Amino acid sequence: MLQLNGVEHVYPNGTRALDGVTISIGKGMFGLLGPNGAGKSSLMRTIATLQTPTAGDIRFGDIDVLAEPGRLRATLGYLPQDFGVYPRVSAYELLDHMASLKGVVSAADRKATVETLLAQTNLWTVRTKSVAGFSGGMRQRFGIAQALIGNPELIIVDEPTAGLDPEERNRFYNLLVEIGENVVVILSTHIVEDVADLCPRMAVLAAGRIQLDGAPAELIARSRGTIWGKTIERERLDEVKGAHEVVSTRLTAGRTIVHILSDQDPGDGFAPVEGGLEDVYLSTLVRSRRPAAQQAA
Ligand SMILES: Nc1ncnc2c1ncn2[C@@H]1O[C@H](COP(=O)(O)OP(=O)(O)OP(=O)(O)O)[C@@H](O)[C@H]1O
């Protein structure tokens, strides 16, 4: 179990990227959903011990993460958002090198580790090719292979499916699900389907705060009666935006479907919508932007 308590991070320029994050994350896939700038990468880097929060407390099992970062690192697998430039060496050599950096000292153990991971991530047939020449999906699978060295119990993947085509995304999903059964996996993303398809538990992070957390189905059920929709002429959109809190708009065949947030029947021809996770997510963001005094509503 990973536990964060009142984690805050203020960058030297005064940006408050994390504003009192308190959450418990158990085994399995956990989706951390949030828009650009929400603080996801700051939170992932903080948990990965790459930066020290300005306040708060983090524990993983019996490890006090801030006091004993080395112990956490020994059991962490991290796939950062941006890996930077890969050297022009083969996937096999690079993974072997990374395994020795991670403390797999015996050559026989390293061989077994590297071969198993290359097979598991479906990179065995391209093991002699340079990672620098890999496609986006292959790089991400390589990223997972390196994150899995040493059988970590905590795995962090930061925005892993950005830029992947549907087939590669699917492959990547399957790989994560396989891994996620016995360890804590945190998947940080701004893509709602990533979470809907993969994660039994999730949280929404916006403006550095956890706005919502729970099981996706439970959160969808809880939003019932708060999302309303109707189809309007495009020209009426500004009028609707002036009168209601608009969650989403979608243009279909020249007309606009608009969803709004309202705790009561807004009248005006709106009908209740059986919202999905996207509506839950977008309405949470709308709520998070309300002035502080109204946010409890
Ligand atoms: N090193 C830094 N110095 C100052 N501000 C920073 C730094 N890193 C991030 N920020 C700011 O902190 C806030 C949170 O950024 P962060 O990268 O954690 O968000 P994110 O949710 O991961 O967004 P994205 O998906 O765009 O990376 C943003 O306002 C960002 O501009």
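The following questions and answers concern a predicted model.

Visitor: What is the strand order of the open sheet of 6 strands?

Guide: The edge strands are S6 (76-79) and S10 (209-214), each of which pairs on one side only. Pairing within the sheet is mixed, and the twist averages 15° from one strand to the next. The order is S6-S7-S8-S3-S9-S10.

Visitor: Which residue in S10 stands opposite Ala 203?

Guide: Strand S9 (residues 201-206) and S10 run antiparallel. The two strands are joined by 5 bridges. Opposite Ala 203 stands Asp 213.

Visitor: Which strands does helix H6 lie across?

Guide: Helix H5 (residues 136-147) lies across S6 and strand S7 (154-158), running at about 165° to S6. Helix H6 (residues 166-179) runs at about 150° to S8. The strands that H6 lies across are S3 (28-33), S7 and S8 (184-189).

Visitor: Is H5 roughly parallel or roughly antiparallel to H6?

Guide: The axes of H5 and H6 come within 9 Å and cross at roughly 10°. Angles under 35 degrees count as roughly parallel. Therefore H5 is, relative to H6, roughly parallel.

Visitor: How many residues of the contact of H5 with H6 are charged?

Guide: H5 contributes Gly 136, Gly 137, Gln 140, Arg 141 and Ile 144, while H6 contributes Glu 168, Arg 171, Phe 172 and Leu 175. These residues divide into 3 nonpolar and 3 polar, and the number charged is 3.

Visitor: Which term describes H3 relative to H4, oblique or roughly parallel?

Guide: The axes of helix H3 (residues 91-101) and helix H4 (residues 107-120) come within 10 Å and cross at roughly 125°. Because of this angle, H3 is, relative to H4, oblique.

Visitor: Is the crossing of H3 and H4 left-handed or right-handed?

Guide: In this crossing, Ala 91, Tyr 92, Leu 95, Asp 96, Ala 99 and Ser 100 in H3 meet Arg 110, Thr 113, Val 114, Leu 117 and Leu 118 in H4. The residues of this contact comprise 7 nonpolar, 2 polar and 2 charged. The crossing is right-handed.

Visitor: Which helix supplies the largest share of the shell around the ligand?

Guide: The ligand is surrounded by 13 residues, the closest being Tyr 11, Asn 36, Lys 40, Ser 41 and Ser 42. By class, the shell has 3 nonpolar, 9 polar and 1 charged residues. The largest share, 3 residues, comes from helix H1 (residues 40-47).

Terms used:
Residues are numbered from 1 along each chain as its sequence is written. This is a predicted model: local features need pLDDT of at least 70, side-chain atom pairs count only at pLDDT 80 or more; totals for chains, interfaces and linings use all residues. Axes are lines fitted to C-alpha atoms, for helices over the stretch in contact, and angles run from 0 to 180 degrees between N-to-C directions. Helices (H or I, at least four residues) and strands (E, at least two) are DSSP runs, numbered from the N terminus. Angles under 35 degrees count as roughly parallel, over 145 as roughly antiparallel, 65 to 115 as roughly perpendicular and the rest as oblique. A crossing is left-handed if the near helix is turned anticlockwise from the far one by less than a right angle, and right-handed if clockwise. Two residues are in contact if their C-beta atoms, placed from the backbone, lie within 7 Å. Ala, Val, Leu, Ile, Met, Phe, Trp, Tyr, Cys and Pro count as nonpolar, Asp, Glu, Lys and Arg as charged, and the others, Gly among them, as polar. A residue is near a molecule or strand if its C-beta atom, placed from the backbone, lies within 6 Å of it. Two strands pair if DSSP finds at least two bridges between them.
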